[in-house]
Amino acid sequence: MFARGLKRKYGDQEEGVEGFSTVPSYSLQRQSLLDMSLVKLQLCHMLVEPNLCRSVLIANTVRQIQEEMSRDGVWHGMAPQNAERAPIDRLVSTEILCRTARAADGEHPTPELEDGSLQISASELPIVSSAQGQRSPQSSLWEMDSPQENRGSFHKSLDHIFETLENKNPNSVEDLFSDVDSSYYDLDTVLTGMMSGTKPSLCSGLDGFTAAAPPPSSTCKSDLTELDHVVEILVET
Amino acid sequence: MKCFSRYLPYIFRPPNTILSSSCHTEADIISTVEFNHTGELLATGDKGGRVVIFQREQEVLVEEQTPDVVLGSILRVLKFSLPSLQSKNQVHRRGEYNVYSTFQSHEPEFDYLKSLEIEEKINKIRWLPQQNAAYFLLSTNDKTVKLWKVSERDKRPEGYNLKDEEGRLRDPATITTLRVPVLRPMDLMVEATPRRVFANAHTYHINSISVNSDYETYMSADDLRINLWNFEITNQSFNIVDIKPANMEELTEVITAAEFHPHHCNTFVYSSSKGTIRLCDMRASALCDRHTKFFEEPEDPSNRSFFSEIISSISDVKFSHSGRYIMTRDYLTVKVWDLNMENRPIETYQVHDYLRSKLCSLYENDCIFDKFECVWNGSDSVIMTGSYNNFFRMFDRNTKRDVTLEASRENSKPRAILKPRKVCVGGKRRKDEISVDSLDFSKKILHTAWHPSENIIAVAATNNLYIFQDKVN
């Protein structure tokens, strides 16, 4: 999981860095964390007997992120820009931020992200035909009475995410990963540090990356609507 | 090289044998370890639903044997007999632990109503104090608690009239004389029989069981409820704690561990996923939803992050033997609380603070949800807990010294002293240190146990059980 024996020096970050190898912005990281959490929730929803403690902790994290995003006024203020690129960016950043520096060796972690956790979960998603339960997905997480019932709504939202993954331009993704090395460390530093909402000093940002659109708005409209819907249900806003 | 033995009171030497499965399957992963009240027996439960009990052999004068470090699989150990090698010197050898009994405690089940499989993994084992020649223990999986009786048989009856020696029935017409069956000695046989099955009382997964000091009752705790049982009654239990909200959408907190006070049979504690501990008195009301004491440490605002709540979730809570303190384990620390002070712990020990900057990655690979246990030594002066890379940590509460040790085959030459390990956080890495990036997060020590009176520890590292003894001088 962690790269072994790789020496990292902080100074190395400064050279040859274009766009994607430095610390992404706080908002982008927060968004990625949110996405990761939602995927985790969905995955554990799929397990035979979900670990309730884990689900509760992840859901609380999601709620916390959403509350902060609401406070920052970015939650409902996301304007759709760069519709095709945007969802890729968001999901890719999860990859950048939480993978090791294997990418530095020339490997591209993205295929793993697609073929790994997310794709696996895609294939594992049950073929729920009609099931549109009245209860919210949140309760379906906890109640194990009828686990089949409410998978429909989550299923739908994630479906959109998976579709956009498949539609992306592979070349652009490779470019994104060309110089990633220690960025995951920085994500950890940022996310486990202060949650003050101000940009951390390390963050030179994925400026080239996000230049096309302000970070919180880098979402595809339809995708956002689904995600919005899902998280709204989760946090009952 | 610094000699830690000077600072820590104990020098642990690896045993002659490390008990393990050579063909490591998922089912062999040890999921719980527990000494009995005298320390004579050590029980382990694994993911496959098996319980293996080790017994300490009597201290004897033996011929020293060249140690055989590795045994075969646990199943083969049953038939394994120590090879009698060339005898060397006569030494006084302290008791080693050998396999005493193995049995299948739980089987996988299928809940047809919910279409869910119920794992057979043994979550916890708790011994009852010995009251007669037999040993009793409780073992539990996610849904069902069982009381097992482990007893020895060294005699068997011979000379039945109606059965022949192989047990086949004899035709009564062929019997001409009668004889009285007699008991004759036989090879020692240890048998385990299930005496009680406490089922169908938990909707959620059982995470803890605790025997009460009255030895008549025990409690079982799942994510949302705690039930009180009487050992004699299996079809009823009292619900004493219920934190399930009326609307499950409002659920934000679960029960993570629970334990009875060692001396006061009316008192117990339970911990939560929000890092709080509640102490309850069963005399106050039948349903102990209102706590008597509430232990919570105020959050440090400078350390706040999205992961703050997750890492504050308590994975284990243990009363000290004295009953005066409780110890809690959360993801990065171990804390000792005085029962008389609710607003903060009296001691906090950092287990692996170097992980604080890695929380995002640990969240992604789910390691952040690992549930580590913690244990007291017999005198409550040293506490121990596990970490990653097969490391485990000990903290001496009096001297404030701590040590990191590793449970690994390579580092455990018999009769050698366990060498302290060190994790290098940043900057220059010294020769024997390990850098944080090199830690193996798949090798986690979640379960450890400490002998009730001596310095003997049992450490479960995935499918291997290490038993270390302190041999002073």
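Guide: Let us begin with a sheet of chain B: four strands form an open sheet in the order S26-S27-S28-S29, with antiparallel pairing. The model is predicted, so local features need pLDDT of at least 70 and side-chain atom pairs count only at pLDDT 80 or more, whereas totals for chains, interfaces and linings use all residues. Residues are numbered from 1 along each chain as its sequence is written, chains are lettered from A and ligands numbered from 1 in the order in which they are written, and side-chain values use heavy atoms, with hydrogens and water left out.

Visitor: Why do strands S26 and S29 of chain B stand at the edges?

Guide: Strand S26 (374-376) and strand S29 (402-406) of chain B each have a single partner strand, so one side of each is left without a neighbour in the sheet. Neighbouring strands of this sheet are turned by 20° against each other on average, direction ignored; the axes are lines fitted to C-alpha atoms, for helices over the stretch in contact, and angles run from 0 to 180 degrees between N-to-C directions.

Visitor: Why is Asn36(B) called buried?

Guide: Buried means under 20% relative accessible area, exposed over 50%, and partly exposed in between (1.4 Å probe, protein chains only). Asn36(B) has a relative accessible area of 6%, and is therefore buried. This residue lies in the loop between strand S2 (30-35) and strand S3 (41-46) of chain B. Leaving aside neighbours within four places in sequence, Asn36(B) is in contact (heavy atoms within 4.5 Å) with Leu41(B), Trp127(B), Tyr135(B) and Pro452(B).

Visitor: What makes S2(B) largely enclosed by the rest of the structure?

Guide: Six of the six residues of S2(B) are buried, so the description holds. Five bridges join S2(B) to S3(B) in an antiparallel arrangement, and Val33(B) stands opposite Thr44(B). The hairpin of these strands has five residues between them, where Gly39(B) takes a positive phi near 85°.

Visitor: Which residues have the most contacts inside the largest nonpolar core?

Guide: A nonpolar core is a set of buried Ala, Val, Leu, Ile, Met, Phe, Trp, Tyr and Cys residues joined through side-chain atoms within 4.5 Å. The largest has 45 residues, and those with the most contacts inside it are Tyr331(B), Leu355(B), Leu362(B), Tyr363(B), Ile368(B) and Leu439(B). Helices H1 (26-46) and H2 of chain A, together with helices H2 (308-312) and H3 (359-364) of chain B, each supply at least two residues of this core. H2(A) gives the most, with nine residues. Another core, of 16 residues, lies apart and includes Met394(B) and Leu405(B).

Visitor: Where in chain A is confidence lowest, and where is it highest?

Guide: The scale is pLDDT, the predictor's confidence in each residue, from 0 to 100. Confidence is lowest in helix H9 (residues 207-210) of chain A, at a mean of 35, and highest in helix H2 (residues 52-71) of chain A, at 93. Chain A averages 52, and 19% of the residues score at least 70.

Methods: Pairing = 2+ DSSP bridges.
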